[in-house]
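Here is a short briefing on one chain.

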Amino acid sequence: MEQEQICGVCNGTGYTVDSSGRKDVCDACYGLGSVKGFKENVPLSPSKRRIKKALIYTFTFLFIYYGIFFYSYVRFHLGPTAAIIILLIGHFVAVTYIVVFVLFSSVYTQ
């Protein structure tokens with residue numbers, strides 16, 4: 001994957017200094033301070049993969065939860081108080097799942 005990187009010759013300043021102290025435009029980046037380079041994608045660590053999977057599960061749960069909620073809201077004509085309570089409970093469950101997952105995964109790392 002090609003990305004802009006800080007020039008290694010001038011350290012991003014765009015100029016170099018020779019032995020006599022004279023400043024000159026960097027030959028590698030032509031005064032821009034950055035060069036295009038290739039950076040390989042590093043795979044995620046196992047802990048980051050687990051957290052990513054937990055977030056995907058949480059967002060999938062919330063997506064299904066909202067579908068069921070809106071269906072129930074229209075079908076059963078829920079009042080505003082009941083709707084707010086139901087939404088708060090669903091979000092509480094989702095946030096609790098993420099917090100408990102992070103806590104347990106940090107305690108039980110292998």
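Buried means under 20% relative accessible area, exposed means over 50%, and partly exposed lies in between, with a 1.4 Å probe and protein chains only. This is a predicted model: local features need pLDDT of at least 70, side-chain atom pairs count only at pLDDT 80 or more, and totals for chains, interfaces and linings use all residues. Residues are numbered from 1 along each chain as its sequence is written, and side-chain values use heavy atoms, with hydrogens and water left out. Helices (H or I, at least four residues) and strands (E, at least two) are DSSP runs, numbered from the N terminus.

**Helix packing**

- Two packed helices are described by the angle between their axes and the distance between the axes.
- The axes of helix 1 and helix 2 come within 10 Å and cross at roughly 170°. Helix 1 is therefore roughly antiparallel to helix 2.
- From helix 1, the residues making the contact include Arg50, Ile51, Leu55, Tyr57 and Thr58. From helix 2, they include Ala83, Ile86, Leu87 and Gly90.
- Contact here means heavy atoms within 4.5 Å.
- Axes are lines fitted to C-alpha atoms, for helices over the stretch in contact, and angles run from 0 to 180 degrees between N-to-C directions.
- Angles under 35 degrees count as roughly parallel, over 145 as roughly antiparallel, 65 to 115 as roughly perpendicular and the rest as oblique.

**Ala54 in helix 1**

- Ala54 sits in helix 1. Its relative accessible area is 2%, so Ala54 is buried.
- Leaving aside neighbours within four places in sequence, Ala54 is in contact with Tyr97, Ile98 and Phe101.
- Ala54 and Phe101 are 47 residues apart along the chain, yet their C-alpha atoms are separated by 7.7 Å.

- Tyr71 lies in helix 1. Tyr71 has 53% relative accessibility and therefore counts as exposed.
- At 19% relative accessibility, Ser72 counts as buried.
- Setting aside neighbours within four places in sequence, Ser72 is in contact with His77 and Leu78.

**Nonpolar surface patch**

- Phe61, Ile85, Ile89, Phe92 and Val93 form a nonpolar patch on the surface, with about 490 Å² of accessible area together.
- Helix 2 (residues 80–107) supplies the largest share of the patch, four residues.
- Phe61 is found in helix 1 (residues 46–76). Phe61 is partly exposed because its relative accessibility is 36%.
- Patches are made of residues with over 30% relative accessible area and no salt bridge; like charges are joined within 9 Å, nonpolar side chains (Val, Leu, Ile, Met, Phe, Trp, Tyr) within 5 Å.
- Accessible areas come from the Shrake-Rupley method with a 1.4 Å probe; for residues, only the protein chains shown count as cover.

**Salt bridge**

- A salt bridge is a side-chain nitrogen of Lys or Arg within 4 Å of a carboxyl oxygen of Asp or Glu. By this rule the count is one.
- Arg22 pairs with Asp18 in a salt bridge, with the closest N and O atoms 3.7 Å apart.
- Asp18 has a relative accessible area of 34%, so Asp18 is partly exposed.

**Positive phi**

- Most residues other than glycine have a negative phi.
- Asn11 has a positive phi, near 60°. Asn11 is in the loop between strand 1 (2–6) and strand 2 (15–17). Asn11 is exposed, at 62% relative accessible area.
- His77 has a positive phi, near 50°. His77 is in the loop between helix 1 and helix 2. His77 is exposed, at 67% relative accessible area.
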